[in-house]
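Welcome, and thanks for joining this short tour. Keep your viewer open, and let us go from the whole chain down to single side chains.

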Amino acid sequence: MTVGTILLFVSVICVTVGTWRLLRIYKAGRPGGKVLWWAVASFGITLFFVLKLMADTPTLS
């Protein structure tokens, strides 16, 4: 497994878990924990786009 594959896996896990936990918090109407899970989901989305940009950028060799 390459570093890119591992980072992609981490990205997917962050988005999945963050979204799942946010949905549970909003459905239950609990006030706490929203910022943490928004940050986790946002980190996963950002990491995905960074990986996409790195994969699409041609190398200078």
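Start with a cartoon view of the chain: you will find two helices and zero strands. Keep in mind that this is a predicted model. Helix α1 covers residues 3–28, and α2 covers 34–56.

Now zoom out to take in the overall form. Along the principal axes, the C-alpha atoms fill a box of roughly 55 × 20 × 15 Å. The radius of gyration of the chain is 15 Å, while a compact globule of 61 residues would have one near 10 Å. Among contacts between residues at least 6 apart in sequence, 50% join residues at least 24 apart.

How much accessible surface does the chain have? The total comes to about 4900 Å², and 76% of it belongs to carbon and sulfur atoms. Buried residues make up 16% of the 61 residues.

With the surface still showing, select Leu-8, Val-12, Ile-45, Phe-48 and Phe-49. Together they form a nonpolar patch on the surface, with about 440 Å² of accessible area. Which helix gives the most to this patch? That is α2, with three residues, though α1 and α2 each supply at least two.

Is Val-12 buried, exposed or partly exposed? Its relative accessible area is 44%, so Val-12 counts as partly exposed, since that class runs between 20% and 50%.

For the last stop, select Phe-9, which lies in helix α1. Phe-9 has a relative accessible area of 54%, and exposed means over 50%, so Phe-9 is exposed. How far apart are Phe-9 and Met-54 in sequence and in space? They are 45 residues apart in sequence and 16 Å apart in space, C-alpha to C-alpha.

Key:
Residues are numbered from 1 along each chain as its sequence is written. This is a predicted model: local features need pLDDT of at least 70, side-chain atom pairs count only at pLDDT 80 or more; totals for chains, interfaces and linings use all residues. Side-chain values use heavy atoms; hydrogens and water are left out. Helices (H or I, at least four residues) and strands (E, at least two) are DSSP runs, numbered from the N terminus. The radius of gyration is taken over C-alpha atoms; the globule rule is 2.2 Å times the number of residues to the power 0.38. Buried means under 20% relative accessible area, exposed over 50%, partly exposed in between (1.4 Å probe, protein chains only). Contact means heavy atoms within 4.5 Å. Accessible areas come from the Shrake-Rupley method with a 1.4 Å probe; for residues, only the protein chains shown count as cover. Patches are made of residues with over 30% relative accessible area and no salt bridge: like charges are joined within 9 Å, nonpolar side chains (Val, Leu, Ile, Met, Phe, Trp, Tyr) within 5 Å. A salt bridge is a side-chain nitrogen of Lys or Arg within 4 Å of a carboxyl oxygen of Asp or Glu.
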